[in-house]
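Welcome! Take a look at the structure below, and then let's work through a few exercises together.

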Amino acid sequence: MIRNLFSRSVAAAPSALRSSSAAQQWRFCSSANFEHIKTRLEADGRVAVIELHRPKALNALCDQLMTEIGVALKTFEKDKTCAAIVLTGSAKAFAAGADIKEMQHRSFQECHQGNMLGHWNCVAECRKPTIAAVNGYALGGGCELAMMCDIIYAGDKAKFGQPEIKLGTIPGAGGTQRLTRAIGKSKAMEMILTGNMMSAADAEKAGLVSKVVAQDELVDAAIKCGVSISQQSKIAVSMARDAVNSAFELPLAEGCRLEKRIFFSTFATNDQKEGMTAFAEKRDAKFTDS
């Protein structure tokens with residue numbers, strides 16, 4: 001039902017999302033179809049914002065909320081104007097974790113056969129750049145959700161953690177894998193085995209987040225990053241993301257070979273010709289995403 005309603009709003013919105021009034025109307029229609037998220041477009045439609053909205057539960061990640069995120073991401077993926085997506089929460093909590101009440105009584109068989117949390121992969125598999133703008137708590141599934149994004153910006157009061165050990169379990173949506181790759185084995189072990197939280201400043205030092213900004217400036221900073229991405233060739237951005245992400249999957253030598261093949265393939269695009277010609281002519285490039 002959510003997907004059908006959302007599709008109808010998008011179909012009803014003209015491609016004139018670039019106009020302010022059309023964008024405002026589209027934002028209202030799209031958000032009205034969701035219960036646990038709000039969506040909007042910024043910067044003339046070039047940057048989408050998905051805001052988690054379960055304030056009474058500190059944005060705990062229930063199945064419906066994650067399904068709604070998946071629907072929104074798929075829609076923004078198809079929007080040719082949208083070049084980047086910001087995922088954020090409230091000032092108090094990005095997301096305080098998975099919905100414990102929803103999962104506490106599930107059996108092993110239900111978890112295994114139902115592929116519990118499988119639909120969370122929609123964030124990591126998104127084909128457009130994603131930026132997590134984290135204010136407040138990003139704990140458990142909230143920390144995992146942020147780490148699924150390409151870039152993490154944090155408000156100066158943000159707190160990151162994987163406290164599942166205090167519940168008698170372990171991270172289940174990539175926490176043991178992505179956190180270790182981001183900050184190293186020792187720090188990841190300490191966080192996961194103790195359940196201790198990490199401040200925004202420490203997260204930046206450890207390499208978990210790209211930038212720390214004042215809490216009230218966070219979303220604007222993330223949108224600004226998205227605008228900067230939107231000014232580049234969409235083809236080159238997509239290729240660069242694939243190359244960087246491969247670093248987590250491949251040995252160094254094979255990763256470098258893949259990078260070289262992707263680099264060579266950019267020379268088959270019009271944007272590579274335009275970019276290098278513009279540089280030689282000392283002017284701004286006019287990319288056509290072709």
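This is a predicted model: local features need pLDDT of at least 70, side-chain atom pairs count only at pLDDT 80 or more; totals for chains, interfaces and linings use all residues.

Residues are numbered from 1 along each chain as its sequence is written, and side-chain values use heavy atoms, with hydrogens and water left out.

**Exercise 1.** Find which residues lie nearest the centre of the largest pocket.

*Solution.* Start with the term: on a 1 Å grid over the protein atoms alone, a pocket is an open set of points where a 1.4 Å probe fits, with protein on both sides within 12 Å along at least five of seven lines, and lining residues have an atom within 4 Å of a point. Next, count the lining, which holds 25 residues. Nearest the centre are Met-147, Cys-149, Asp-150, Asn-245 and Phe-248.

**Exercise 2.** Work out which element gives the largest share of that lining.

*Solution.* Helices (H or I, at least four residues) and strands (E, at least two) are DSSP runs, numbered from the N terminus. Suppliers of at least two residues each include helix H7 (141–148) and helix H12 (234–246). The largest share, five residues, comes from H12.

**Exercise 3.** Decide whether H7 is mostly covered or open.

*Solution.* Buried means under 20% relative accessible area (1.4 Å probe, protein chains only). In H7, eight of eight residues are buried, among them Gly-141, Glu-144 and Met-148. H7 is therefore mostly covered by this cut-off.

Terms used
Buried means under 20% relative accessible area, exposed over 50%, partly exposed in between (1.4 Å probe, protein chains only).
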